[in-house]
Amino acid sequence: MRIADFELERYFARWEFAVRHLLCASDLEGYPMTELLALADAETRGLWHDLRLGYTESSGHPLLRAEIAALYETVAPDDVLVFSGAEEAIFCLLNVALGPGDHAIVTWPGYQSLHEVARAAGAEVSLHELHQSDGWALDVDRIRAALRPSTRLIVVNAPHNPTGMLPTHAEWRELLELCAGAGIQLFADEVYRFLEYDEADRLRAGADALPTGISLGVMSKSFALAGLRIGWLATRDRDLRERCAAFKDYTTICPSAPAEILSLIGLRARAAVLRRSHGIIAANLAVLDRFFAERPDVLTWVRPRAGSVGYPELTLGGRFAGWDADRFAAELVAAEGVLLLPGSRLGQPGNHVRLGFGRVDLPEAIDGLRRFADLR
Ligand SMILES: Cc1ncc(COP(=O)(O)O)c(C=O)c1O
């Protein structure tokens, strides 16, 4: 297999642990281990204490699969397959679901593996480009127009990285009807699900909405436990699930034993975990709302409806005239140790940057951005 470099991950490999403030992280501030363990109930405390570090069940710990299934309406524990991160789940699913001669439609700009792995698996990929002028909205008519007889999969990430777009219930219904009517499988990357700012906006999960729909979830974002590297696929499509399980025998075989128990603790305590995540995001959005109101000369954005990332556009007036997002990000990190992600790392050179607001040092990062913008 030949696959292009994952541009965003290469950028993070260079910068993530070398800067003072990561203003483009997509995850939530990692949960402290002691605080997580304090949330354990009697059963999970016992599981943690008595844990043996052998191999684990390849499809995932039964209690963890049951807790994941409880996040959905129609998903049973056996419909869940646990992976080492959402990234491994994407890799296995796209390799299994697609091959030469197949066509897939994938939302873009977005998380590169969602289209890159599809291409590397031999499929033809049409990117469904979202436009700022439409509020980054999904355009189901354009998706319909892109269908081919060979279209096997529609890949939608919602809530969306990098824009924070969340389809309306009506748009989502239209997409589901399109998939059901055309007999095309939906792969819904829902790793930011549960981070809707208004709970009434939460969409039906792909795995619930369609008998062959596939939902992707992970502990990294809403649940603030990225270091556990636990993700999952949920689907009632048994054949696909079994083929994914067989493919995983060539990647990690089975999940990490400690990570599974810690994930179980986090999911059982999800009310408290999600309350903390929403608290961090709400506090940061208040800082950002003030900044965007005061400094349209620096950045403007379509305010996200969910998630922990947005995709603002640099205004690039005054002393920044003639710059692009790459130069802005490079000079900002050199001057202030504040990292933004230029759109070029998502395959979209120009004036957009990804801004993450899941970390507690966001106010300091915004102060650095303000100082940089005010330099003469
Ligand atoms: C949309 C999307 N899908 C999948 C992933 C992969 O998640 P993980 O790195 O936790 O495996 C990410 C991570 O940034 C993401 O933003």
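Arg229 counts as partly exposed because its relative accessibility is 39%; buried means under 20% relative accessible area, exposed over 50%, and partly exposed in between, with a 1.4 Å probe and protein chains only. The model is predicted, so local features need pLDDT of at least 70 and side-chain atom pairs count only at pLDDT 80 or more, while totals for chains, interfaces and linings use all residues. Residues are numbered from 1 along each chain as its sequence is written, and side-chain values use heavy atoms, with hydrogens and water left out.

Arg229 sits in the loop between β7 (214–218) and β8 (231–235). Helices (H or I, at least four residues) and strands (E, at least two) are DSSP runs, numbered from the N terminus. Most residues other than glycine have a negative phi, and most peptide bonds are trans. Arg229, not a glycine, has a positive phi of about 55 degrees. Phe194 also is not a glycine and has a positive phi, of about 80 degrees. Its loop runs between β6 (185–189) and α9 (206–209), and Phe194 counts as buried because its relative accessibility is 12%.

Two peptide bonds are cis. One runs from Trp108 to Pro109, with omega near 0 degrees, and Pro109 is in the loop between β3 (103–108) and α6 (113–120). Another joins Ala158 and Pro159, with omega about -5 degrees; Pro159 lies in the loop between β5 (151–157) and α8 (169–182).

Arg229 leads on to the largest pocket. Glu9, Ser26, Tyr111, Lys221 and Arg229 lie nearest the centre of this pocket, out of 24 lining residues. On a 1 Å grid over the protein atoms alone, a pocket is an open set of points where a 1.4 Å probe fits, with protein on both sides within 12 Å along at least five of seven lines, and lining residues have an atom within 4 Å of a point. The largest pocket holds about 510 Å³ of space, where a volume is the space filled by probe spheres set on the points, and grid points are joined across faces, edges and corners. Its lining has 11 nonpolar, four polar and nine charged residues. Here Ala, Val, Leu, Ile, Met, Phe, Trp, Tyr, Cys and Pro count as nonpolar, Asp, Glu, Lys and Arg as charged, and the others, Gly among them, as polar.

The second largest pocket has a volume of about 160 Å³. The largest share of its lining, three residues, comes from α11. Helix α11 (residues 257–268) also contains Ser263, which counts as buried because its relative accessibility is 0%. Apart from neighbours within four places in sequence, Ser263 is in contact (heavy atoms within 4.5 Å) with Leu64, Met219, Leu228 and Ile230.

Helix α11 is also among the elements that cover the buried residues of α12, as are β9 (299–300), β14 (353–356) and α14 (362–374). Those buried residues include Val273, Leu274, Ser277, Ile280 and Ile281. An α-helix has 3.6 residues a turn, so residues three or four places apart point the same way. The 25 residues of α12 (residues 270–294) should span 36 Å, and the end C-alpha atoms are 36 Å apart, which agrees; the expected span is 1.5 Å times one less than the number of residues.

Taken as a whole, the chain has 14 helices and 14 strands. Of its 376 residues, 56% are buried.
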